Amino acid sequence: MGKTLKSTDTVELHTFMQDRKTLFCYSGPLTEDLLTTISNPVRHQLSDKETEEIVATRVFGVFIEQAQNIIRYSHHKTKATGDSIGTIAISLADDGFLIEAVNVVDPSKKDVLEATLVDLSLKDQKELRGLYKQRLRDGPPEDSRGAGLGFIEMARRVKKFEFDFVESEEGALFVYRGWVQ
Amino acid sequence: MNFEAGQRTPLVQLTPTSCLIRGECYPENISEWSEPVLTALEECLGNDESEFKVDIELYYFNSSSAKFLFDFFEFLEESAEGGKTITVNWRYRAEDDTMQEAGEDFEEDMSACTYNMVVAEEAE
């Protein structure tokens, strides 16, 4: 950190989160245990907003896939326990919700990830549905720790998604943003 | 045999002639949760009863759990091919396109089982 945070910095954080209409944000080590703990409040937040239950479930679904991606693939780990570090947030956006996730990407996996997501972004809903089924039948790709379905699942639930790789001191950050309506 | 619903796992009720799965499914560790369920299902299907009825009503499952459902249905299908009469009811809420599509996709691979898409009553 280096510098001392003033109370105005705290207010700035408050104002920043309020202005961008962020309902929930977590940044730090993420584990399945922690995900269990935060699942309930996240659900409550979503149902508080007079959102249709089906939409709330869709937002929650993207949130879970993103959180589990961080847990499985973040290249930035805590020294003591090896837990994955990342940031995940849900905000209100025009006519819906924005779900954001950031984590350090394994440099050796970056190209494959990029190619996978470019490929998914070019597919329509029908193709994504077919691909999901295909992947389910074929089983996970070799270096996947989940079923290799997470990104397809998210692409099916969002209205659109964007991704980027941004250089940082910790290494290349993988940024994923999905909009749900 | 019953597997109580958890915060991230559905209720599973198994009898010699039936299986009910209801709730949400996104366990911390899918294999840890699903292995005992599939083992119990195997025991139920291994008896001499001629008929077996399956009711599934899920509101949400994550991508890791999709593989469990795939294996679960494959298991039922094999048992039906072996001579057991199996009926599967995939229950979903009328407005829930996600669960409707999921049910339809699993249905595509089922031929020995009787598979019904059923619109569930609105839960209170």
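How many of the 8 residues of helix α6 (residues 150–157) of chain A are buried?

The structure is a predicted model, in which local features need pLDDT of at least 70 and side-chain atom pairs count only at pLDDT 80 or more, while totals for chains, interfaces and linings use all residues. Residues are numbered from 1 along each chain as its sequence is written, and chains are lettered from A and ligands numbered from 1 in the order in which they are written.

Read from the N terminus on, the order of elements in chain A is α-β-α-α-β-β-α-α-α-β-β. The radius of gyration of chain A is 17 Å, close to the 16 Å that the globule rule gives for 181 residues, so chain A is as compact as a globular protein of that length. This radius is taken over C-alpha atoms, and the globule rule is 2.2 Å times the number of residues to the power 0.38. The C-alpha trace of chain A spans about 55 × 40 × 30 Å along its principal axes. Of its 181 residues, 31% count as buried; a residue is buried if 20 or more other C-beta atoms lie within 10 Å of its own, exposed if 12 or fewer, and partly exposed in between, with C-beta atoms placed from the backbone. Among contacts in chain A between residues at least 6 apart in sequence, 61% join residues at least 24 apart. Here, two residues are in contact if their C-beta atoms, placed from the backbone, lie within 7 Å.

Now for the opening question. In helix α6(A), 8 of the 8 residues are buried, so this helix is largely enclosed by the rest of the structure. The buried residues are Gly150(A), Phe151(A), Ile152(A), Glu153(A), Met154(A), Ala155(A), Arg156(A) and Arg157(A). What covers them includes, from chain A, the helices α3 (53–73), α4 (110–121) and α5 (125–138) and the strands β4 (160–168) and β5 (171–180), together with α2 of chain B.

Two loop residues of chain A have a positive phi although they are not glycine. Lys21(A), with phi near 55°, lies in the loop between α1 (7–19) and β1 (22–30) of chain A. Lys21(A) is exposed, with 12 other C-beta atoms within 10 Å. Asp95(A), with phi near 55°, sits in the loop between β2 (84–93) and β3 (96–104) of chain A. Asp95(A) is likewise exposed, with 9 other C-beta atoms within 10 Å.

Chain B has 3 helices and 6 strands, arranged from the N terminus on as β-β-β-α-β-α-β-α-β. With 124 residues, a compact globule would have a radius of gyration near 14 Å, and the 14 Å of chain B agrees. The C-alpha trace of chain B spans about 35 × 30 × 25 Å along its principal axes, and 35% of the 124 residues count as buried. Residues 24 or more positions apart account for 70% of the contacts in chain B with a separation of 6 or more.

Within chain B, the axes of helix α1 (residues 30–45) and helix α2 (residues 63–81) come within 11 Å and cross at roughly 10°. That makes α1(B) roughly parallel to α2(B), a term for angles under 35 degrees. From α1(B), Ile30(B), Ser34(B), Leu38(B), Leu41(B) and Leu45(B) meet Ser64(B), Ser65(B), Phe68(B), Asp71(B), Phe72(B), Phe75(B) and Ser79(B) of α2(B). The residues of this contact divide into 7 nonpolar, 4 polar and 1 charged; Ala, Val, Leu, Ile, Met, Phe, Trp, Tyr, Cys and Pro count as nonpolar, Asp, Glu, Lys and Arg as charged, and the others, Gly among them, as polar. Also in helix α2 of chain B is Ser63(B), which is buried, with 25 other C-beta atoms within 10 Å.

Finally, the two chains meet: 17 residues of chain B are in contact with 19 residues of chain A. On the side of chain B that touches chain A, β4 (51–61), α2 and α3 (97–107) of chain B each supply at least two residues. The largest share of that side, 5 residues, comes from α2(B). By type, the residues of that side of chain B divide into 5 nonpolar, 5 polar and 7 charged.

Notes: Axes fitted to C-alpha atoms, helices over the stretch in contact; angles between N-to-C directions. Helix = DSSP H or I, 4+ residues; strand = E, 2+ residues; numbered from the N terminus. Parallel < 35°, antiparallel > 145°, perpendicular 65-115°, else oblique.
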